[in-house]
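Please keep the sequence and the model in view while reading.

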Amino acid sequence: MQRRLRHRAKRIEAFFTFDQEHHTLVIHKRGGQGHAEHSNALTYDESVLFDGMAVAVAPLAEGLGSVRTSAAAAREVMRDLPMGSAGVFTLRDRWLSITRHRLSQLGCDPGQLVFPKLQDCAPQERARILEAATTFLGTGSLVETARKLFCHRNTVVNRLAAFERYTGLDLQNPTDLALAVLALHASTADP
């Protein structure tokens, strides 16, 4: 990595590198006001530089004091990536998996908020409720969920009401929605 940086990073403004376990942390100043520094997008030169590698792009550090926090976020994203990953990854891409892993380290399983409570309903009903909830979490729209599930909008409303009745999680409430996302992601995500 160090050699690649020395030979190919001539177009990138001053940068600093630090070896971090199995990763190299690259810190550099992004372009001027109004440029890509306010996004996690890599410039063309950066994309070429890191081609074929797994790259974690940290949230923009607003001043020297927040560089440490941004670097910690990038390290967390890198630790979360499966072996052999390649591409550009951001905290936004990996927050569900990172949160799931952090909660499991504490002995918390968000799935316990949903699955034991759905044991009271018949297996087919449970499958339909979970399908509606998972699809709704992916679309955020009753109409789009109904379209994807090939059913009427009212059917989706009824299944989401059943989800709330069994689990106590109202998918219209942001806090409950976040808990449901974590619970259902934990059951379907790759380890």
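## Helices H3 and H4

The axis of a helix is a line fitted to its C-alpha atoms over the stretch in contact, and an angle between two axes runs from 0 to 180 degrees between N-to-C directions. In this predicted model, helix H3 covers residues 67-80 and helix H4 covers residues 91-105. The two helices pack at an angle of about 70 degrees, and their axes lie 9 Å apart. Angles of 65 to 115 degrees count as roughly perpendicular, and H3 and H4 are therefore roughly perpendicular to each other.

On the H3 side, the contact is formed by Ala73, Glu76, Val77 and Asp80. On the H4 side, Leu91, Arg94, Ser97, Ile98, His101 and Arg102 take part. Sorted by class, the contact of H3 with H4 contains four nonpolar, two polar and four charged residues.

## Helices H5 and H6

A second pair consists of helix H5, residues 123-139, and helix H6, residues 142-149. Their axes are 9 Å apart, and the packing angle is about 125 degrees. This angle makes H5 oblique to H6. The crossing of H5 past H6 is right-handed.

Which residues of H5 and H6 meet? From H5 come Glu131, Ala132, Thr135, Phe136 and Thr139, and they meet Leu142, Glu144, Thr145, Lys148 and Leu149 of H6. By class, the contact of H5 with H6 is made up of four nonpolar, three polar and three charged residues.

Phe150 is located in the loop between H6 and helix H7, which spans 153-167. Is Phe150 buried or exposed? Its relative accessibility is 78%, and Phe150 therefore counts as exposed, the cut-off for that class being over 50%.

The backbone of Phe150 also deserves attention. Most residues other than glycine have a negative phi. Phe150 is not glycine, yet its phi is positive, near 55 degrees.

## The chain as a whole

The secondary structure of the protein chain amounts to eight helices and four strands. Along the sequence, these elements follow the pattern α-β-β-α-β-α-β-α-α-α-α-α.

The protein chain has 191 residues, of which 30% are buried. The chain exposes about 12,200 Å², and carbon and sulfur atoms supply 54% of that area. Among contacts in the chain with a separation of 6 or more, 48% join residues 24 or more positions apart.

How values were computed: Residues numbered from 1 in each chain as written. Predicted model: local features only at pLDDT ≥ 70, side-chain atom pairs only at ≥ 80, totals over all residues. Heavy atoms only, no water. Parallel < 35°, antiparallel > 145°, perpendicular 65-115°, else oblique. Contact = heavy atoms within 4.5 Å. Nonpolar A, V, L, I, M, F, W, Y, C, P; charged D, E, K, R; others polar. Left-handed = near helix turned anticlockwise from the far one by under 90°. Buried < 20%, exposed > 50% of the residue type's maximum accessible area, 1.4 Å probe, protein only. Areas by Shrake-Rupley, 256 points an atom, 1.4 Å probe, with all protein chains shown as cover.
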